[in-house]
Amino acid sequence: MTDLSHYRNIGIFAHVDAGKTTTTERILKLTGKIHKTGEVHDGAATTDFMEQEQERGITIQSAATTCYWRDHRLNIIDTPGHVDFTVEVYRSLKVLDGGVGVFCGSGGVEPQSETNWRYANESEVARIILVNKMDRVGADFLRVVEQIKKVLGASPIVMCLPIGIEEDFVGLVDLLTRQAYVWDDSGMPENYQIVDVPEYMSEQVEEYRERLVESAIEQDDDLMMAYMEGEEISIEEIKGCIRKGTIALDFFPTYCGSAFKNKGIQMVLDAVVDFLPNPTEVDPQPLTDEKGDETGEYAIVSTAESFKALAFKIMDDRFGALTFIRIYSGKLERGMTIYNSYTGKTERIGRMVEMHADDRNEIESAIAGDIIAIVGMKNVQTGHTLCDPKSPVTLEPMIFPEPVISIAVKPKDKGGSEKMGIAIGKMVAEDPSFRVETDEDSGETILKGMGELHLDIKVDILKRTYGVDLIVGAPQVAYRETITKAIEDSYTHKKQSGGSGQFGKIDFRIRPGEPGSGFLFSSTVVGGNIPKEFFPAIEKGFKVMMSDGPMAGYPVLDVEFEIFDGAYHAVDSSAVAFEIAAKGAFRQTMPKAGPQIIEPIMKVDVFTPEDHVGDVIGDLNRRRGMIKDQEAATTGVRIKADVPLAEMFGYIGQLRTMTSGRGQFSMEFSHYMPCPQNIASEVISAAKELRDAK
């Protein structure tokens with residue numbers, strides 16, 4: 001099938017436990033892709049195929065599958081909900097054209113929903129919304145719709161209304177057709193009847209239908225005029241307007257149902273086909289130069305263009321390395337040679353497969369709009385562009401967050417070192433937010449990640465998948481250093497030892513940068529006191545030193561360096577001399593610029609039953625937390641706070657004790673803040689002890 005208008009590349013994303021994977025299972029059953037639905041709580045869901053996913057009942061890595069509905073090909077990615085694995089959501093949204101945002105009917109808009117929604121906004125992905133679990137205690141469709149408006153700042157457009165709530169939820173009313181769909185208790189998705197709208201709902205249905213029509217026809221001035229003059233607008237015309245508004249991100253068609261009970265999923269599938277864009281209807285991907293700056297050209301989605309694709313995920317399984325790619329233009333055939341614009345190397349395509357979770361279906365060719373996997377590619381990493389060797393291009397790269405937590409590990413036996421090295425190499429290729437370093441002095445391996453659960457899962461995979469037993473150290477916080485005041489200074493590097501010497505003099509200013517600015521370098525030298533060809537060497541000298549702060553040796557953030565004068569020697573000056581001068585200037589001046597230790601602050605979202613709110617808030621205050629917001633939900637209270645990561649280790653155990661096992665929380669990195677003096681002193685002395693021990 002080469003008609004791109006019949007393609008839908010969609011992702012299913014939501015907060016932990018809102019029902020993404022269950023929704024995916026129901027879609028696969030309805031489309032005939034699987035014949036028996038597996039349940040998440042039984043560890044039998046198709047897309048949760050890792051042992052760790054089946055045991056914990058959570059999704060850890062995104063899984064891809066393909067199915068068909070109404071002669072349309074749906075490439076679906078089921079993404080994780082847990083905050084530690086948001087990189088999976090980010091990179092999936094980067095290559096998708098549309099999404100289904102799943103919200104819990106009783107939990108509403110939860111913290112991870114906000115992060116995922118933000119990623120989808122940044123990637124400009126059109127979405128439809130499913131308010132799931134309408135059969136749950138405390139479920140309230142219209143309350144969740146209001147939350148979506150208030151918390152996400154989005155414009156949901158209500159497409160249906162539930163018939164009954166909580167345990168009495170039996171079906172829903174399609175507002176466009178004014179038809180009611182009622183399912184029986186068999187749990188079979190096809191066992192429904194189309195009946196008249198219940199009389200007690202008729203007024204509400206008319207009210208919401210009017211709102212729906214008025215929101216939709218704002219997309220078409222002619223239809224709006226006709227509607228205002230009293231003309232009846234056809235359902236097809238309204239659907240056309242909804243499609244247009246959805247693709248333009250003006251609003252988000254919103255449905256409700258119960259994936260677990262198989263109610264309402266058909267309408268979601270119809271909405272995917274009717275309202276979400278095909279690959280040719282989304283803004284084409286921008287092309288960039290070697291520095292990552294946009295060139296003004298785009299990868300046009302067309303089979304007639306030259307081949308362009310983005311590698312968005314690497315996965316190692318029992319058959320070898322798989323590289324998941326999204327093809328943006330052109331065709332890919334077995335045996336073709338393609339070019340990796342990042343490495344500058346070419347590779348020949350051997351086997352190509354279409355994925356169904358961890359099963360594969362061998363294919364001979366793929367075209368623009370396809371999401372496939374290539375077997376056995378070398379030197380390809382997440383974010384690399386693959387293209388035609390005759391017309392090399394670079395697609396907009398992916399940007400991944402920096403890890404905020406680390407642990408030291410070493411194998412229990414000597415034979416494990418080599419095994420661990422190979423395993424970690426594969427795991428780093430699979431997950432760009434997982435980093436590994438070796439401490440050269442102690443020989444320890446340092447694993448870095450996004451949270452305790454993230455690293456816990458990595459250690460578990462090393463143990464079970466690769467058979468490496470580890471001794472694991474205590475978690476360490478990714479502290480950083482910065483400065484608090486501006487300093488103007490001068491430094492001269494002078495060395496004479498027979499023959500040509502080394503000379504470089506720089507006059508410079510160091511000042512605190514904006515939070516999040518990282519490293520900034522500028523030059524205001526006039527009159528040729530330092531020739532321009534030495535500027536890159538000076539910048540390099542300062543930049544290299546940013547990895548080793550003056551207080552405790554932590555990397556330095558948010559500092560601006562400006563060179564405003566200096567001197568050079570016609571014979572003795574060189575790039576090396578000026579690089580050494582910049583390094584010496586850093587060492588000399590940073591201690592004078594009010595250096596301070598800064599620590600990662602986490603955005604923490606705690607859910608607790610009402611009678612434990614005081615205990616939870618008191619505990620967060622003791623952890624140096626700043627309470628930001630409190631919000632009553634139907635079954636408890638959500639507390640939002642900013643808390644230093646250093647105080648959050650082992651928090652889940654404490655929370656469960658305080659709330660008799662009913663509390664839940666999630667957290668994600670927010671920003672860096674200065675450490676209190678007593679904590680900074682402890683951090684500095686611990687770093688000094690470590691250096692002395694080495």
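Author: A residue is called buried when its relative accessible area is under 20%, exposed when that area is over 50%, and partly exposed in between, with a 1.4 Å probe and protein chains only. The model is predicted, so local features need pLDDT of at least 70 and side-chain atom pairs count only at pLDDT 80 or more, while totals for chains, interfaces and linings use all residues. Residues are numbered from 1 along each chain as its sequence is written, and side-chain values use heavy atoms, with hydrogens and water left out.

Reader: How many salt bridges are found in the whole structure?

Author: A salt bridge here is a side-chain nitrogen of Lys or Arg within 4 Å of a carboxyl oxygen of Asp or Glu. Searching the whole structure by this criterion gives a total of 29.

Reader: Is Asp507, which forms a salt bridge with Lys505, buried or exposed?

Author: The closest N and O atoms of Asp507 and Lys505 are 3.1 Å apart. Lys505 is partly exposed because its relative accessible area is 24%. Asp507, by contrast, has 11% relative accessibility and therefore counts as buried.

Reader: Which helix holds both Lys583 and Glu579?

Author: The side chains of these two residues, Lys583 and Glu579, meet in a salt bridge at 3.4 Å, N to O. Helices are DSSP runs (H or I, at least four residues), as strands are (E, at least two), numbered from the N terminus. Lys583 and Glu579 are separated by about one helical turn because they lie four residues apart in helix α13.

Reader: What is the distance between the closest N and O atoms of Glu207 and Arg211?

Author: Both residues, Glu207 and Arg211, belong to helix α6 (residues 202-217), four residues apart. Glu207 counts as partly exposed at 37% relative accessibility, and Arg211 is partly exposed at 41%. In their salt bridge, the closest N and O atoms of Glu207 and Arg211 are separated by 2.5 Å.
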